[in-house]
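I opened my notebook beside the viewer and jotted down what I looked up. Here are the entries.

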Amino acid sequence: MVKNIAVIGGDLRIVKLVGMLEKENYIVKTYALERASEIANKCESIQECISGADIVIGPLPLSSNGEYINTPFSDNKISVEELLNNLEGKTFIAGSIRQEVYEKASEKNIKILDIIKREELAVLNAISTAEGALQIAINETPKNLHGNNVLVLGFGRIGKVLSKMLDGIGAKVACEARKTTDLAWIKAYGYEPINLIELKDKINKYDIIINTIPFVVLDKEMLQQVKKDALIIDLASNPGGVDRKAVKEMGIKFNWALSLPGKVSPVTSAEFMKETLINMFKELN
């Protein structure tokens with residue numbers, strides 16, 4: 001039964017999560033969160049933190065550069081290698097874990113679980129991501145979203161939630177998709193459906209373009225068809241869905257908006273993480 005939890009590194013979501021887990025009567029020790037004033041149980045070393053822990057929780061994402069884990073609330077630099085060297089025989093939960101970490105962990109008998117891959121968290125995080133995209137769109141365009149032509153690229157979790165929000169405030173919403181079933185649902189919801197193969201001929205009518213597709217859709221050729229005064233928001237993780245060099249050269253307003261849940265709603269995101277973690281703990285038991 002999961003009772004003792006070690007938390008190492010992480011952003012404001014993790015800081016809020018620690019307090020939420022303690023309210024659920026888990027015993028939580030932390031390391032590399034020393035600048036978080038609201039956390040009481042802080043350890044001096046990784047070894048002290050993970051001693052007696054049933055589960056070890058790391059940052060979301062685990063690492064931005066593949067070398068060091070994310071520790072924005074600490075002056076300590078902890079390499080991924082150092083962390084793994086201390087986790088032998090443990091179960092480790094973090095986010096956006098690279099394949100090479102899984103390979104190294106298997107050699108050390110470490111059970112790795114990526115919380116970002118959990119469907120319930122992905123669906124709930126789509127809400128925060130969509131709200132963050134709306135906030136950016138409102139702040140960075142001189143027009144109301146109401147009545148504006150807005151194109152959403154991709155009709156996955158985020159695309160569905162975002163399109164509904166945009167429609168709710170009166171935007172003229174179009175959605176791009178490749179699958180015929182998705183195009184049918186887009187039409188059923190009352191949005192304009194655009195097949196990917198038609199995108200080049202239609203993209204020039206949109207004032208705001210929001211990408212959710214995790215591969216480059218807006219390449220240089222496609223960007224040449226975009227309005228010069230349009231706003232492009234890319235919500236996709238690395239490498240993103242926009243040719244960043246080309247969009248800069250063309251002078252099109254562009255915002256690559258990564259990790260929005262942690263930026264726009266850390267408390268809500270921490271609540272979603274807590275619910276997901278408790279589900280994971282039950283499955284482990």
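**Notebook: sheet, helices, cysteines**

I began with helix α12 (residues 266-284), which lies across β1, β3, β4 (91-94) and β5 and runs at about 160° to β4. My helices (H or I, at least four residues) and strands (E, at least two) are DSSP runs numbered from the N terminus. Angles run from 0 to 180 degrees between N-to-C directions, with axes as lines fitted to C-alpha atoms, for helices over the stretch in contact; contact means heavy atoms within 4.5 Å.

A note on provenance: this is a predicted model, where local features need pLDDT of at least 70, side-chain atom pairs count only at pLDDT 80 or more, and totals for chains, interfaces and linings use all residues. Residues are numbered from 1 along each chain as its sequence is written, and side-chain values use heavy atoms, leaving out hydrogens and water.

Next I looked at helix α1 (residues 12-23), which lies across β1, β2 and β3 (55-57), at about 155° to β2.

Then I traced the sheet: five strands, open, parallel, in the order β2-β1-β3-β4-β5. Strands pair if DSSP finds at least two bridges between them. β2 (27-31) and β5 (111-114) are at the edges with a single partner strand each, so one side of each has no neighbour in the sheet. The twist averages 25° from one strand to the next. I found five bridges between β1 (residues 4-8) and β2; valine 7 has threonine 30 of β2 as its bridge partner.

Last, cysteines: I count zero disulfides, taking a pair of sulfur atoms within 2.5 Å as the rule. For cysteine 49, the nearest cysteine sulfur, that of cysteine 43, is 4.5 Å away.
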